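Please look at the sequence and the model shown below. The paragraphs that follow lead through its sheets and then through its helix contacts.

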Amino acid sequence: MSEALIDRTEEAPPFPRPAQPPAQRRRTNDAPVGTSVPGPPALPLWAAVLLAAGAGAILDGGFPDRGWWVLAPVGVALMLLALLGRGPGAGLLVGMVAGLSFWLIHISWLTLYLGPVPWLALAILQAIFFGLSLAVIAVVLRHGPRIWPSALGRLGLVPATVAGLWTAREALTAVWPYGGFAWGRVALSQSESPFGSLAAWVGMSGLSFIVVWLSALMVQLLRERRLGRTVRSGIAVGAIAVLLAIPAWPTVQTGSTRLAAVQGASDAGLFARYAPGQILADHASATLPLIGEEVDFVVWPENSSDIDPTRSADAARVSDDISRAMNAPLVTGTITERDGKFYNSSLLWKAGQGAVGLYDKVHPVPFAEYMPDRAFWRPFAPELVDLVWRDYEIGTRSNVFDLNGILAGIAICFDIADDQLVREMIDGKAQIILAQTNNADFGRTDESVQQLAIARLRAIETGRTVVNISTVGSSAIITPDGQTLDSLPTWEPGAMVQTVPLSDTVTPAMRVGRGIEWLVSGLGLAGLTLCLLGAVRRRSGTIHRPLRFQ
């Protein structure tokens, strides 16, 4: 049933209306006289649900490990096509199916050691948010072309509103609940695409907005019946060409540093069995072949010292030996305990001085590194909840280390996905970013390459070299233009020794910060409000009928 037919049958009065003058008819109809409401026929609900399920899988294909980035905007466009002609109720159903399809595939790595319960719980939660956002997007797709009947409205305001609402959902779920889950943002699919360089201009949220805007524009062009095929094709090609023509933000190199990043290939997973000190020994052994290299500092991953050198003389002696042998400070990861509280920490260690710098992870992962509302959640899965026996505290210290005059931003694992923490590094004058992580819990799944994609986009967004160093991989050094300078095979010990650029450049994305996110999200919410008000005005004076699940 076509969208136009749906609306006419819903609003048909029980008796014929009196004849009206042409001018009055022009005001009360959905579109000016002589035109047709844009839009291909709406799919049957069952077909829309099937299309949404396929679209979620296609969207995931745009992310690493496959990394077929072009599939991301295709997947979004297919979801929008499934919403055409739908009301908010059916839009919620379609959105939930699309969200579940995407998330169940995208975070399947959670099942490797933790089983299906956390995987299903997180996927369902994210799918609910997904469904709610697509429900309101369905309202915009349905009423927007009538509220804004001009070409500018149909091809400008409608896609911008859709993209703004999508970005608003991503922004919300990145920070709430329990600190949010900033995974799966559409921007992250573009880390190696030609659009990736736009991150320096508009940040992560801005890049998501652009990709979804492009998808929504293509859908609107497909619906368009008032412009010729040549014009529509020209608009599509022109929009892509304009985006590709935007140059990469020029990063000015203000210096360089030579560093060593060491991967110990230690199974430091949650259920791994190892003797105390084994992980520390693995990283020390992988560093010994580098003795004689002239480097400014050495960086080890998160949890690379399984014994806290601030409380163990033996671990302190190993850290001292490494720092002295390399004639450079060591940045290492460990679990610290202070005043009976535990922290996931990064230490700046110097031979003979000990820990001269300390950063505690600001974004510990809920249900993994700490258990929020433990008493509430425990009855649902007591065995899983009890696995998290030690709750890490939220850090409050600066995330910038001074490495003998080199300012390095420090991110521990999930910190790299937190927009605010990255902004704080740049505000702290960081010239390079060290992203320490431990991916051992996820084996050889897509999790580590998904995280590397985040690190790559952060390099572009901030104009900084990012050293993504893991216990097991994926470890790589990414330059400010998003290129891989060096990398290590997964689950093999090794080291990257490279001279990398330093920079004080402040990109537009870092200068404006989250203002871009607020702007595009506000645009989406404002457009939705106007659509709802317009829909109410259009329906005023008509006989109310029960809402149908279409």
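**Sheets and helices of the model**

Strand β3 (residues 330–338) and strand β4 (residues 341–350) run antiparallel and are joined by nine bridges. Helices (H or I, at least four residues) and strands (E, at least two) are DSSP runs, numbered from the N terminus, and two strands pair if DSSP finds at least two bridges between them. Within this pair, Val-331 has Leu-348 of β4 as its bridge partner. This is a predicted model, in which local features need pLDDT of at least 70, side-chain atom pairs count only at pLDDT 80 or more, and totals for chains, interfaces and linings use all residues. Residues are numbered from 1 along each chain as its sequence is written, and side-chain values use heavy atoms, with hydrogens and water left out.

Strands β3 and β4 belong to an open sheet of six strands with mixed pairing, in the order β5-β4-β3-β2-β1-β12. At its edges stand β5 (354–360) and β12 (494–503); each has a single partner strand, so one side of each is left without a neighbour in the sheet. On average, and with direction ignored, neighbouring strands of this sheet are turned by 40° against each other. Helix α11 (residues 278–287) packs on the sheet and touches β1 (253–263), β2 (297–299) and β12, its direction making about 120° with that of β1. Contact here means heavy atoms within 4.5 Å. Axes are lines fitted to C-alpha atoms, for helices over the stretch in contact, and angles run from 0 to 180 degrees between N-to-C directions.

Which order do the strands follow in the open sheet that includes β6? The order is β6-β7-β8-β9-β10-β11, six strands with mixed pairing. Because β6 (400–403) and β11 (484–488) are at the edges, each with a single partner strand, one side of each lacks a neighbour in the sheet. From one strand to the next, the twist averages 20°. Strand β7 (residues 406–412) pairs with β6 in the antiparallel sense over four bridges. Bridge partners in β7 include Ile-406 for Leu-403 and Leu-407 for Asp-402. The two strands form a hairpin with two residues between them, and Asn-404 in the turn has a positive phi of about 55°. Helix α16 (residues 447–462) lies across β8 (432–437), β9 (465–470), β10 (475–478) and β11, and runs at about 160° to β9.

The helices also meet one another. Two packed helices are described by the angle between their axes and the distance between the axes. The axes of helix α3 (residues 45–61) and helix α5 (residues 88–106) cross at roughly 30° and come within 7 Å. This makes α3 roughly parallel to α5; angles under 35 degrees count as roughly parallel, over 145 as roughly antiparallel, 65 to 115 as roughly perpendicular and the rest as oblique. The residues in this contact divide into 14 nonpolar, three polar and one charged. Ala, Val, Leu, Ile, Met, Phe, Trp, Tyr, Cys and Pro count as nonpolar, Asp, Glu, Lys and Arg as charged, and the others, Gly among them, as polar.

For helix α4 (residues 71–83) and helix α9 (residues 199–223), the axes come within 9 Å and cross at roughly 50°. Helix α4 is therefore oblique to α9. Among the residues that make the contact are Pro-73 and Leu-80 of α4 and Val-211 and Ser-215 of α9. By class, this contact has ten nonpolar, one polar and no charged residues.
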